[in-house]
Amino acid sequence: MLVHNWRAILKHAWSVRLMGAALLLIILEPIYNFVAATWVVKNIYIQLGMSAFTGLLAAAAIVARIYVQQKVSGDLNGKPPAEG
């Protein structure tokens, strides 16, 4: 079941932003590998850096998901969900 303010959470939650950045790096990594394999010499440090940064972003998103963000919390605090 979705929380009542799911649109605000998608726009403002740091966990969503960090997972989006991790997804972008996951998509860019094979593209870089293809380009590096065909046009330039592969640089292992770039591959390691992209993989490490992707892992760090995913870990940061997990931590951000645990902490409550007051403005975008899905908690109703005993109030009924807003209509409409």
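Of the 84 residues in the protein chain of this predicted model, 21% count as buried. The accessible surface of the chain amounts to about 6,800 Å², and carbon and sulfur atoms account for 70% of that area.

The secondary structure consists of three helices and zero strands. Read from the N terminus, the order of elements is α-α-α. Among contacts between residues at least 6 apart in sequence, 72% link residues at least 24 apart.

Confidence in the model is as follows. The average pLDDT of the chain is 79, and 75% of the residues score at least 70. Among the elements, the lowest mean pLDDT, 82, belongs to helix α1, which spans residues 6–12. Helix α3 has the highest mean, at 88. Where pLDDT is low, predicted coordinates should not be read in detail.

The largest nonpolar core has nine residues: Leu 18, Ala 22, Leu 25, Tyr 32, Ala 36, Met 50, Leu 57, Ala 61 and Ala 64. Two or more of these residues come from each of helices α2 (14–38) and α3 (44–66). Helix α2 provides the largest share of the core, namely five residues. Ala 61, a member of this core, is in contact with Ser 15, Leu 18 and Met 19 when its neighbours within four places in sequence are left aside.

The C-alpha atoms of Ala 60 and Met 19 are separated by 8.6 Å, although the two residues stand 41 residues apart along the chain. Ala 60 is located in helix α3.

A nonpolar patch lies on the surface, formed by Leu 23, Leu 24, Ile 26, Ile 27, Leu 28 and Ile 31. Together these residues have about 540 Å² of accessible area. One of them, Leu 28, is found in helix α2.

| Residue | Helix | Relative accessible area |
|---|---|---|
| Leu 28 | α2 | 36% |
| Ala 60 | α3 | 32% |

Leu 28 counts as partly exposed because its relative accessible area of 36% falls between the limits of 20% and 50%. Ala 60 is likewise partly exposed, because its value is 32% and the limits are again 20% and 50%.

Terms used
Residues numbered from 1 in each chain as written. Predicted model: local features only at pLDDT ≥ 70, side-chain atom pairs only at ≥ 80, totals over all residues. Heavy atoms only, no water. Core = buried A, V, L, I, M, F, W, Y, C linked by side-chain atoms within 4.5 Å. Buried < 20%, exposed > 50% of the residue type's maximum accessible area, 1.4 Å probe, protein only. Helix = DSSP H or I, 4+ residues; strand = E, 2+ residues; numbered from the N terminus. Contact = heavy atoms within 4.5 Å. Areas by Shrake-Rupley, 256 points an atom, 1.4 Å probe, with all protein chains shown as cover. Patch = residues over 30% accessible without salt bridge, like charges linked within 9 Å, V, L, I, M, F, W, Y side chains within 5 Å. Salt bridge = Lys/Arg side-chain N within 4 Å of Asp/Glu carboxyl O. pLDDT = per-residue confidence, 0-100.
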